[in-house]
Amino acid sequence: MSDVVVPVEILGQRYPIGGGLDAAYIQQLASFVDEKMRAAVGQTSESDSARLAVIAALNIADEVFRLKAPADARDAALAARLRRLEDLIDAALAD
């Protein structure tokens, strides 16, 4: 896919976003960020867009970490189970 420039609007500001992503997907990402920025406006009395962006970024990072945690726990549980199976196989082969 070739690089495209997609104009998006976040918190009333227009930004040209370029990249190899699908234009609809870029719009979807921008809408998500806009939603998070607007939520940040509701969480604080800040009006500085840079500070609002940091608050929104922290909220997005929190979501990512919370979504990622169960996968990390599953991976750790699976690794432990595989080690136990490996130990059982090694013990059976040693007999």
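Biologist: Where is the place of L88?
Modeller: This is a predicted model: local features need pLDDT of at least 70, side-chain atom pairs count only at pLDDT 80 or more, and totals for chains, interfaces and linings use all residues. Residues are numbered from 1 along each chain as its sequence is written, and side-chain values use heavy atoms, with hydrogens and water left out. Helices (H or I, at least four residues) and strands (E, at least two) are DSSP runs numbered from the N terminus. L88 falls within residues 49-94, which is helix 2.

Biologist: Is L88 buried or exposed?
Modeller: Buried means under 20% relative accessible area, exposed over 50%, and partly exposed in between, with a 1.4 Å probe and protein chains only. L88 has 58% relative accessibility, so L88 counts as exposed.

Biologist: How much accessible area do L78, L82, L85 and L88 have together?
Modeller: These residues form a nonpolar patch on the surface. Patch members have over 30% relative accessible area and no salt bridge; like charges are joined within 9 Å, nonpolar side chains (Val, Leu, Ile, Met, Phe, Trp, Tyr) within 5 Å. Areas come from the Shrake-Rupley method with a 1.4 Å probe, and for residues only the protein chains shown count as cover. Together the patch has about 400 Å².

Biologist: Which pattern does the chain follow along the sequence?
Modeller: The chain has two helices and two strands. Read along the sequence, the order is β-β-α-α.

Biologist: What radius of gyration does the chain have?
Modeller: The radius is taken over C-alpha atoms, and the globule rule is 2.2 Å times the number of residues to the power 0.38. A compact globule of 95 residues would come out near 12 Å. The C-alpha atoms here fill a box of roughly 70 × 40 × 15 Å along the principal axes. The chain's radius of gyration is 22 Å.

Biologist: What percentage of the 95 residues is buried?
Modeller: The accessible surface of the chain comes to about 7,300 Å², and 59% of that belongs to carbon and sulfur atoms. Buried residues account for 13%.

Biologist: Of contacts with a separation of 6 or more, what share joins residues 24 or more positions apart?
Modeller: Contact means heavy atoms within 4.5 Å. Counted that way, the share is 21%.

Biologist: What is the phi of L11?
Modeller: L11 is partly exposed, at 25% relative accessibility. L11 is not a glycine, yet its phi is positive, about 50°.

Biologist: How many salt bridges does a search of the whole structure find?
Modeller: Side chains of opposite charge can pair when their charged atoms come close. The cut-off for a salt bridge is a side-chain nitrogen of Lys or Arg within 4 Å of a carboxyl oxygen of Asp or Glu. One of them joins R51 and D48, with the closest N and O atoms 3.9 Å apart. The search finds five.

Biologist: What is the N to O distance between R66 and D62?
Modeller: Both residues lie in helix 2, four residues apart, about one turn. R66 is exposed at 59%, while D62 is partly exposed at 36%. Their side chains meet in a salt bridge at 2.9 Å.

Biologist: Which residue forms a salt bridge with E9?
Modeller: E9 is partly exposed, with a relative accessible area of 43%. The closest N and O atoms are 4.0 Å apart, and the partner is R14.
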